[in-house]
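Subject: The structure, and what turned up in it

Hello,

Here is the structure for you to open alongside this email. Please have a look at it first, and then read on for what was found.

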Amino acid sequence: LVLLFIVWPKFSETLQIRNSNSELVEKVDSLNQKAGVLASLDKAELEEQVVAAEQLLPSDKNVFLLISQIEKAAAGSGVLLNRVETTPGSAEAVSAGQSASPAPSGAGAQTEIAPNVKVSVSLTSGYSSLLQFLNNALTLPRVISISDLSVSASSSEGSSQLKATMNIIAYFKQLPTDLGSIEAPITELSDSEKARLKQIIDTGLATSGQIEQVPVGRADIFAPF
């Protein structure tokens with residue numbers, strides 16, 4: 001009876017404690033390895049990569065910055081922008097944690113890879129200028145795609161001009177609200193991802209995320225000249 005009611009329960013508790021200690025030792029070793037990896041990372045390099053990643057996939061829609069980049073791409077190619085507007089509803093804020101809704105099912109339907117904002121552009125230009133504008137737009141630091149491209153020719157005063165309309169879709173991804181478990185493994189960047197971020201850093205595009213300041217008038221309208 002002593003063995004059954006006293007010794008055996010204590011022996012079972014001892015085995016459970018021993019197994020728990022083994023699991024804790026493994027967790028401690030894993031956390032020590034993770035701490036060593038984190039300590040070996042270069043803080044300055046990480047900050048540069050974060051800035052470059054924010055340029056590739058912003059945490060907000062940044063509609064005004066996107067329009068500014070489109071206007072710069074047009075100015076650098078010589079096209080004449082006739083209309084630049086966002087799709088109704090695309091400028092509304094997305095609630096935290098809400099993912100992009102999939103497209104309706106059917107032939108040709110695709111699922112959006114991330115939340116996005118769509119800008120409709122209408123322009124007039126020559127053929128070479130249109131190609132240069134498309135190249136400038138596709139080399140923006142932000143991840144974008146061009147869809148519904150339509151080009152028509154028009155002749156006026158002996159010169160041939162092209163009228164083009166297109167939708168520029170820019171993607172963004174909200175920052176996570178949950179950092180996850182402390183025991184989660186560290187996901188390192190691949191070589192191609194590091195090369196892409198380094199390209200943005202080397203070209204200086206990672207520091208061009210601000211819209212230029214413009215005069216807004218006098219701060220105090222009652223102050224003397």
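A question to begin with: is Asn167 buried or exposed? Bear in mind that this is a predicted model. Asn167 has a relative accessible area of 12%, and because buried means under 20%, Asn167 counts as buried. You will find Asn167 in strand S4, which covers residues 159-171. The side chain of Asn167 has a partner too: a polar contact of 3.0 Å links it to the side chain of Ser120.

Now for the overall layout. The protein has five helices and four strands, and along the sequence they come in the order α-α-α-β-β-α-β-β-α. There are 225 residues, and 22% of them count as buried.

Next, the charges. Searching the whole structure turns up one salt bridge. In a salt bridge, the side chains of Arg83 and Glu85 come together with an N to O distance of 2.8 Å. Both ends are partly exposed: Arg83 has a relative accessible area of 33%, while Glu85 is at 40%.

Arg142 makes an interesting contrast. This residue sits in the loop between helix H4 (127-138) and strand S3 (144-156). Side chains of opposite charge can pair when their charged atoms come close. Arg142, however, is buried and has no salt bridge. The nearest side chain of opposite charge belongs to Asp60, 7.4 Å away, and a salt bridge needs the side-chain nitrogen within 4 Å of a carboxyl oxygen. What Arg142 does have is the backbone oxygen of Lys61, which lies 2.7 Å from a polar atom of the Arg142 side chain.

In one, Asp42, Glu45, Glu47 and Glu48 gather as a patch of negative charge. Glu48 belongs to helix H2, residues 43-56, and is partly exposed, with a relative accessible area of 41%.

Val37, Leu38, Leu41, Leu46 and Ile186 form it on the surface, and together they have about 370 Å² of accessible area. Leu41 lies in the loop between helix H1 (2-40) and H2. With 40% relative accessibility, Leu41 counts as partly exposed.

Finally, a couple of backbone angles to look at. Which residues other than glycine have a positive phi? Asn62 is one of them, with phi near 50 degrees. Asn62 is placed in the loop between H2 and helix H3 (63-75) and is partly exposed, with a relative accessible area of 31%. Asp148 is another, with phi near 55 degrees. The place of Asp148 is in strand S3, and with a relative accessible area of 57% it is exposed.

Best wishes

Terms used
Residues numbered from 1 in each chain as written. Predicted model: local features only at pLDDT ≥ 70, side-chain atom pairs only at ≥ 80, totals over all residues. Heavy atoms only, no water. Patch = residues over 30% accessible without salt bridge, like charges linked within 9 Å, V, L, I, M, F, W, Y side chains within 5 Å. Areas by Shrake-Rupley, 256 points an atom, 1.4 Å probe, with all protein chains shown as cover. Lys, Arg positive; Asp, Glu negative; His and termini not counted. Charge placed at Lys NZ, Arg CZ, Asp CG, Glu CD. Helix = DSSP H or I, 4+ residues; strand = E, 2+ residues; numbered from the N terminus. Buried < 20%, exposed > 50% of the residue type's maximum accessible area, 1.4 Å probe, protein only. Polar contact = N/O pair within 3.5 Å; in protein donor to acceptor, adjacent residues only side chain to side chain.
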